[in-house]
Amino acid sequence: MTLNPWRLRLLVDLSTYGTVRAVAQRGNHSPSAVSQQLATLERETGTALLERTGRRVRLTAAGVLLAGRAREILAAMDAAEASLRGLTDEPAGTVTLGAFQSAVPALAEPAVARLAARHPDVTVVLLEMEPHVSMPALRRGDVDVIVTTTDFAGAELDPAVDLVPLAEDEIVLVLPVDHPLAALDAVGLEACTDQRWTFDVAGAYMSELATRLCREAGFEPTVIGRFNNYMLTLRHVEAGRSIALLPSLAVDPRYRVVTRPLTPSVTRRITAAARRPSTPRPEITAVLTALRSR
C-alpha cells in the first residue's frame, strides 16, 4: 500500500474543517474532486474512512486514526522540505496563520503584506480563529502559527509551544455617544449594574472575560445580544440598544461610539505562538519576525 500525501492532506483538512465543501474551498478544488480523492484513499487503504449521513460525512474511527497519523507524516515531510530549503538563504513554503478577529486587520494582514515584500516565496494561509480555538488547533498541528491571547484557561504554558509577545491591548467600555457614562473619564463596572449588554457568543474569550468582570463588580449582566462579529456589536451600541466591553483593537473609528477605560484598568496580552520544531523552519521564523516588526 502506497499512501498519497495529497490525499492524506485532504483527510487531515476534513478532520479539521468538518465538511467537504470547506476542504474544497481551502484548497481551491471542487467538492466533487475532494470526494473522489477521499474515495480513492479509502480504496487504497481498503478501509472505510468516512461515514456518510445524508449529504454530510464524518470520519470513522479508522479515519480519525489515519488523520492523526497523517498529521505526523505530513509534519515530517514539511520538516524535510524545510531542511532542504534551509540550505538556501531565502525562506519558502506555506505557513498557516490563525488569528483572532480583531487581530486579523490590525496585526495579521499587515504582517502578511510585509512578508510578501521581503520573502515572496512564503505563502501565508490566514484563518480567523478565536483564542479558545486556535491554541488547541496549534497543538494538534492544524495551524503553524497563531496570534492569540494567553489570558484565558487553556492557554497555560506548554514546553512544546514557543510564545512571542507582540503587544498589550486595553479592554474598554463601548458606549453610545449620548450615554450618561460617556461624561466620565473612566468607568468602574459597578456603575453599569442596570445596563443592557452585547457580548460575544457564549464560550468565546471575550464573552467569558466580560462575564467574569461583571460578576467581579457584583452583578449578573443583562445580555440582550450576542455576536461573533465586532462590527455587529459596534452597530448595536451605536444605535443605542446596548453597551459592550471590547478590546481597543476591535473598535473601528467608522462607528459613532465612545470608549472609556475601565477602573481598575484591564488589558490582554497579545502573543504569537508556534510549535517548537524538531528542525528549523525558516518560513515560520519569517512569519514570526513579520508579526514582531509591527
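The protein chain carries 32 positive and 33 negative side chains, and the centres of the two sets lie 5 Å apart. Lys and Arg count as positive, Asp and Glu as negative, with His and the chain ends not counted. Each charge is placed at NZ of Lys, CZ of Arg, CG of Asp or CD of Glu. This is a predicted model: local features need pLDDT of at least 70, side-chain atom pairs count only at pLDDT 80 or more, and totals for chains, interfaces and linings use all residues. Residues are numbered from 1 along each chain as its sequence is written, and side-chain values use heavy atoms, leaving out hydrogens and water.

**Overall build**

- The protein chain has nine helices and eleven strands; these are DSSP runs numbered from the N terminus (helices H or I, at least four residues; strands E, at least two).
- Its C-alpha trace spans about 70 × 50 × 35 Å along the principal axes.
- Of 294 residues, 46% count as buried (under 20% relative accessible area; exposed is over 50%, partly exposed in between; 1.4 Å probe, protein chains only).
- The accessible surface comes to about 14,800 Å², and 52% of it belongs to carbon and sulfur atoms (Shrake-Rupley method, 1.4 Å probe; for residues, only the protein chains shown count as cover).
- Among contacts between residues at least 6 apart in sequence, 72% join residues at least 24 apart; contact means heavy atoms within 4.5 Å.

**Cysteines**

- The structure holds zero disulfides (pairs of cysteine sulfur atoms within 2.5 Å).
- The sulfur of cysteine 192 has its closest cysteine sulfur in cysteine 214, but the two are 7.5 Å apart, so they are too far for a bond.
- Cysteine 214 is in no disulfide either.
- Cysteine 192 is buried, at 0% relative accessible area.
- Cysteine 214 is also buried, at 0% relative accessibility.

**Aspartate 252**

- Aspartate 252 sits in the loop between β9 (244–247) and β10 (257–261).
- Aspartate 252 is buried, with a relative accessible area of 14%.
- Its side chain makes a polar contact with the side chain of arginine 254 at 2.6 Å (N or O atoms within 3.5 Å; within protein, one must be able to donate a hydrogen and the other to accept it, and residues adjacent in sequence count only if both atoms are side-chain atoms).
- Leaving aside residues up to four places away in sequence, aspartate 252 touches Met231 and Leu234.

**A cis peptide bond**

- The peptide bond from threonine 263 to proline 264 is cis, with omega near 0°.
- Proline 264 lies in the loop between β10 and β11 (267–275).
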